[in-house]
Amino acid sequence: MTDTPYVRPEAPAEPGTRPAVSVVEVISVLCGLVAFGTLALWGFTAWAFPWNLVFGIGAPVVAILIWALFVSPRAVLAVHPFIRAVVELLVYLSATIAWWSMGQPWIGLGYGVVAVAFGLVTGRRRLS
């Protein structure tokens, strides 16, 4: 008897098709979009006039750039999954801290818990 489990062969996917998108993946994408929107809201509301434009536009742009470089499905830089998870958590952490600095700690805490939970689930699915 061998130690390897029996694996049933599957037919390859037809060209031009993708696997179905799950609800967990959709919620994970929404968590990222909420993070970028939160950073924009924080930038526009937490600073005085000339700086609110800089931070309101700059904070989400920097977060999107970092996300595109390391975390996105078609990331520019291929990094170890641990580094990818750390970068994803840092984006979520920045949005959570932005909510706290705007005087909404419960929204920040709730967002942080949901984002990290769905980030962990999608990360586990990616590795399996």
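**View 1. Helix 2 against helix 3.** In this predicted model, helix 2 and helix 3 pack with their axes 10 Å apart and at an angle of about 165°. Anything over 145 degrees counts as roughly antiparallel, so that's what these two helices are to each other. Helix 2 goes past helix 3 in a left-handed crossing. On the helix 2 side, look for I66, W67 and F70; they meet R84, V87, E88, V91 and Y92 of helix 3. Sorted by class, this contact comes out as six nonpolar residues, two charged ones and no polar ones.

View 2. Setting aside residues up to four places away in sequence, W67 touches F36, S72, E88, V91 and Y92.

**View 3. Helix 1 against helix 4.** Here the axes of helix 1 and helix 4 sit 9 Å apart, and the packing angle is about 135°. That makes the two helices oblique to each other. Their crossing is left-handed. Helix 1 brings V24, E25, I27, S28, C31, V34 and A35 to the contact, while helix 4 brings Y111, V114, A115, F118, V121, T122 and R125. By class, you get ten nonpolar, two polar and two charged residues.

**View 4. S28, a serine in helix 1.** S28 belongs to helix 1. Is S28 buried or exposed? The cut-off for buried is under 20% relative accessible area; S28 has 9%, so this serine counts as buried. Beyond residues up to four places away in sequence, S28 touches E88, Y92, F118 and T122. Two of these names have come up already: E88 and Y92 of helix 3 also meet helix 2.

**View 5. W42 and its surroundings.** This tryptophan, W42, is also found in helix 1. Which residues does W42 contact, leaving aside neighbours within four places in sequence? The list runs W47, F55, A59, A98, S101 and M102. For a sense of distance, W42 and G56 lie 14 residues apart in sequence, yet C-alpha to C-alpha they are 6.8 Å apart in space.

Notes: Residues numbered from 1 in each chain as written. Predicted model: local features only at pLDDT ≥ 70, side-chain atom pairs only at ≥ 80, totals over all residues. Heavy atoms only, no water. Contact = heavy atoms within 4.5 Å. Axes fitted to C-alpha atoms, helices over the stretch in contact; angles between N-to-C directions. Helix = DSSP H or I, 4+ residues; strand = E, 2+ residues; numbered from the N terminus. Parallel < 35°, antiparallel > 145°, perpendicular 65-115°, else oblique. Left-handed = near helix turned anticlockwise from the far one by under 90°. Nonpolar A, V, L, I, M, F, W, Y, C, P; charged D, E, K, R; others polar. Buried < 20%, exposed > 50% of the residue type's maximum accessible area, 1.4 Å probe, protein only.
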